[in-house]
Amino acid sequence: MLTPEFVLHQDKDFVFVTIRAPYVKISEVDWVIDGPTFRFHVSPYFLRLCFDEDLIEDGREKAQYDVDTSQFFITLPKKSPGHFENLDMQTLLLSRKQQQKVQRNGTAKKDSFQHQQQDVEDQLGSRNSGHPLIEVISSEEFDQDIPNISAISAPEGEIPEDFDWEIEQSPPEPLFISEGVPYGFDLKYSGTLSKLQQEIPDITMLIDPDQTSFLDRRTLRIAHENDHFDVDHYLHLILLGQSKKSLKRALLDLSASNEGCQQGDIPSTTRPAREMPDRSIHFTDQEREDMRQLQRREVLGADIRRSLIQTLDIICAFLYENRSTEGEFNVESGWTIRTLSSVLSFLDDLPSPFAVLETFARRSISYPLYRWWPLTTAVIDDLHEVLLLGKSAILQCLLGVRRIFSQDDVRYVLNDIFINDLCVWFQTIPTHVVDRFAMHVINIDVTKDMTKFPIEEIETLLQEEED
């Protein structure tokens, strides 16, 4: 069975499902509402969506088919009026109901479930389900301009309101030393990278990732950053930014960065960092397809704090590349993102959000072509904007990283170890947890002193010489 392309919208009373299914027989279409689950079948397509809340069959449900666009427009009544969470999280919606429950509870016992492509009649029941017939319409007869609902907070979960995101954490010791020191999403991988790097060098910046301890990874990272901070390079960028207004505009002007952005609604900052923006996010067709292609694996018992810190580190690197290239990513983009992310480059298990921003600030003026403090602060502003936009915007960044790595002859391995799991896991996290983490990050001041590099002294010296 093929999973068709689909898009979801909602208002307080209905969920609107748009399904593209060309070359089908309308007479063979069948669809079922079963509590929180919606199932749709017409050969060769099968779609199952599991929502957070229940739907209901009360006579208001209806389906229409547009011959011109080969699209079904299905209206599903909500049992209780209100807002459904996670309608943009297509990988999560496509997961089985049992799998969703395990992913969200984390500590629940793993449920067994059958393969998705089981007998369609068992899934859908009798075709005489009493649903209204499909009405064939023209493209002009269906109003697709369905208003978006602003994100609202989910009920309080297990994480306390006053949770300390900056508390120091220590990575666990590996159970079996022979397997190597763990890394990757939630530290669940080991024994992989060292073998691969013998054939594919430069996946990470460690020579022997599997046998480098957590402490040595951090020590090597800091030493490497210190070695690569180049005073002459930094001075050159300051002078270049002053002399070439076009370069300064491209890197720092907010509207300029937006013009080239190719990643859906991923923004460069267009408003003050702490002003709450409109949180309506629209995934592109490519992004929705990327979510459908993600393996619907179970991500059990992942450490929420560690995984959010990994996500923050990776999207900082992505947003630097998004701004410095004006959204026109190139063959060097995979290298830049890998290098600016300490999680991806040195497999460093950073202890806190503050440590992430500190490390990103250091690496942003040590490695890339444009090593310039105003650029670093502009990227931090972009980060604040993405965090304020919420869960969907952060997921767009992760999908952008995944797409860049998938086209990289070396860094594609990092998708399997980090990014794919992060993309699946992030869709399962409650919105209110992401929002509280985001507000904590936004309230961290990023200063030149954090880098422990003599930036102030360099700029003061340059100013004195100019005077």
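Predicted model: local features only at pLDDT ≥ 70, side-chain atom pairs only at ≥ 80, totals over all residues.
## Helix α10 against α13

The crossing of α10 past α13 is right-handed.

On the α10 side, the residues that meet α13 are I309, L312, D313, C316, A317 and Y320. They face P353, V356, L357, F360 and S364 of α13. Sorted by class, this contact of α10 with α13 holds nine nonpolar residues, one polar residue and one charged residue.

## Helix α10 against α17

The axes of α10 and α17 lie 12 Å apart, and the two helices pack at an angle of about 55°. This angle makes α10 oblique to α17. As with α13, the pass is right-handed: α10 crosses α17 in that sense.

From α10 the contact takes I304, L308, I309 and L312, and from α17 it takes V433, F437 and V441. Seven nonpolar residues make up the contact of α10 with α17, with no polar and no charged residues. I309 and L312 of α10 take part in the contact with α17 and also meet α13.

## Helix α11 against α15

Helix α11 (residues 333-340) and helix α15 (residues 391-406) have axes that come within 9 Å and cross at roughly 125°. The pair α11 and α15 is therefore oblique. The crossing of α11 and α15 is left-handed.

S333, G334, I337 and R338 of α11 make the contact with V401, I404 and F405 of α15. By class, the contact of α11 with α15 comprises four nonpolar, two polar and one charged residues.

## Cavities

How many cavities of 30 Å³ or more does a search of the whole structure find? The search finds four. The largest cavity holds about 50 Å³ of space. Its lining consists of L308, T311, L312, I315, L387, I394, F426, V434 and F437. Two elements, α10 (304-324) and α17 (431-442), each give two or more residues to this lining. The largest share, four residues, comes from α10. Eight residues of the lining are nonpolar, one is polar and none is charged. L308 and L312 of α10 and F437 of α17 are among the lining residues, and these three also belong to the contact between α10 and α17.

The lining of the second largest cavity divides into five nonpolar, two polar and two charged residues.

## Backbone details

Two loops contain backbone features of note. S43 and P44 are joined by a cis peptide bond, with omega about 5°. P44 sits in the loop between β4 (37-42) and β5 (45-50).

Y23 is not a glycine, yet its phi is positive, at about 60°. The position of Y23 is in the loop between β2 (14-20) and β3 (30-34).

How values were computed. Residues numbered from 1 in each chain as written. Heavy atoms only, no water. 1 Å grid on protein atoms, 1.4 Å probe; cavity = no way out; pocket = protein on both sides within 12 Å on 5 of 7 lines; lining within 4 Å. Points joined across faces, edges and corners; volume = space filled by probe spheres on them. Nonpolar A, V, L, I, M, F, W, Y, C, P; charged D, E, K, R; others polar. Axes fitted to C-alpha atoms, helices over the stretch in contact; angles between N-to-C directions. Parallel < 35°, antiparallel > 145°, perpendicular 65-115°, else oblique. Left-handed = near helix turned anticlockwise from the far one by under 90°. Contact = heavy atoms within 4.5 Å.
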